[in-house]
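This report goes through one protein model, from selected side-chain pairs to the overall form. Please keep the sequence and the structure in view while reading.

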Amino acid sequence: MSRIGKKPVVVPSNVQLEVSDKNVITVKGPKGTLSQVVDPDIEVKREDGELTIDRPTNQKRHKSMHGLYRALVANMIEGVTNGYTVKLELVGVGYKAEVNGQVLQMSLGYSHGIYMQIPSELKVSAETLKGKNPVVTLQGIDKQLIGHIAAKIRSLRKVEPYKGKGVRFEGEAIRRKAGKAAGKGKK
């Protein structure tokens with residue numbers, strides 16, 4: 001049995017959770033509203049401030065959906081109560097980031113600037129402190145959306161292993177490689 005799927009999801013008192021007849025779970029909290037369609041085979045029950053998710057059989061398909069939907073609902077509840085924040089660091093000479101409304105403008109060492117429209121559900125900010133790398137901060141309630149946008153920004157200039165230049169998550173450890181001088185022996 002799925003260990004994640006078996007765990008009940010605790011619903012805080014400031015969160016309203018509704019399960020419709022068409023298996024749509026809607027979560028309303030202080031930060032906003034999220035909804036998720038659940039597969040009709042999966043059974044969702046709410047009792048005593050907890051939400052439990054059950055599966056009908058032990059088929060591989062049902063097992064995989066059991067833990068998935070429990071995790072999605074738990075992420076929705078966390079998002080509408082506390083929200084999510086992702087910070088991206090731009091490491092490289094001349095790398096810059098600016099925000100104009102919902103447009104993120106970045107200079108990542110290419111011959112042209114990169115403009116990216118950020119969805120209205122997210123808040124984006126960029127700060128550059130003297131002597132430090134520019135940091136782009138994404139905030140929102142939808143964990144899937146914020147992760148998708150952060151991954152898209154990161155893919156614009158992946159971190160290279162020799163100098164460590166590129167876009168990385170704050171605190172991410174990068175495996176560095178030695179240059180070609182380290183590979184040569186003395187003659």
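Which side chain meets that of Lys45 in a salt bridge at 3.9 Å, N to O? The side chain of Glu43 does. A salt bridge here is a side-chain nitrogen of Lys or Arg within 4 Å of a carboxyl oxygen of Asp or Glu.

## Basis of the model

The model is predicted: local features need pLDDT of at least 70, side-chain atom pairs count only at pLDDT 80 or more, and totals for chains, interfaces and linings use all residues. Residues are numbered from 1 along each chain as its sequence is written, and side-chain values use heavy atoms, with hydrogens and water left out.

## Salt bridges

The salt-bridge count comes to five. Side chains of opposite charge can pair when their charged atoms come close. Besides the pair with Glu43, Lys45 forms a salt bridge with Asp54, where the closest N and O atoms are 2.9 Å apart. Lys45 is partly exposed at 34%, Glu43 is partly exposed at 43%, and Asp54 counts as partly exposed at 25%. Elsewhere, salt bridges that share partners join Asp39, Asp41 and Arg61 into one network.

Helices (H or I, at least four residues) and strands (E, at least two) are DSSP runs, numbered from the N terminus. Arg61 has a relative accessible area of 42% and is therefore partly exposed, whereas Asp39 is buried because its value is 15%.

Asn23 lies in the loop between strand E2 (16-19) and strand E3 (24-29). With 16% relative accessibility, Asn23 counts as buried. Contact means heavy atoms within 4.5 Å. Not counting residues up to four places away in sequence, Asn23 touches Gln36, Val37, Val38, Asp39, Pro40 and Ile42. A polar atom of the Asn23 side chain lies 3.3 Å from the backbone oxygen of Ile42.

## Nonpolar cores

A nonpolar core is a set of buried Ala, Val, Leu, Ile, Met, Phe, Trp, Tyr and Cys residues joined through side-chain atoms within 4.5 Å. The largest such core has 22 residues, and those with the most contacts inside it are Leu104, Ile118, Leu138, Ile149 and Ile153. Two or more residues come from each of strand E7 (84-91), strand E9 (103-107), strand E10 (114-117), strand E12 (135-140) and helix H3 (143-155). H3 gives the most to this core, with five residues. Apart from it lies another core of 20 residues, among them Val38, Val44, Met76 and Ile141.

## Gln105 in strand E9

Gln105 is found in strand E9 and is partly exposed, with a relative accessible area of 24%. Leaving aside neighbours within four places in sequence, Gln105 is in contact with Lys96, Ala97, Glu98, Asn100, Ile114 and Tyr115. With Tyr115 there is also a polar contact between the two side chains, at 3.3 Å. A polar contact is a pair of N or O atoms within 3.5 Å; within protein, one must be able to donate a hydrogen and the other to accept it, and residues adjacent in sequence count only if both atoms are side-chain atoms. The C-alpha atoms of Gln105 and Val80, 25 residues apart along the chain, are separated by 28 Å.

## Overall form

The secondary structure comes to four helices and 13 strands. The C-alpha atoms fill a box of roughly 70 × 50 × 25 Å, taken along the principal axes. Buried residues make up 35% of the 187 residues. Among contacts between residues at least 6 apart in sequence, 52% join residues at least 24 apart.

How values were computed: Buried < 20%, exposed > 50% of the residue type's maximum accessible area, 1.4 Å probe, protein only.
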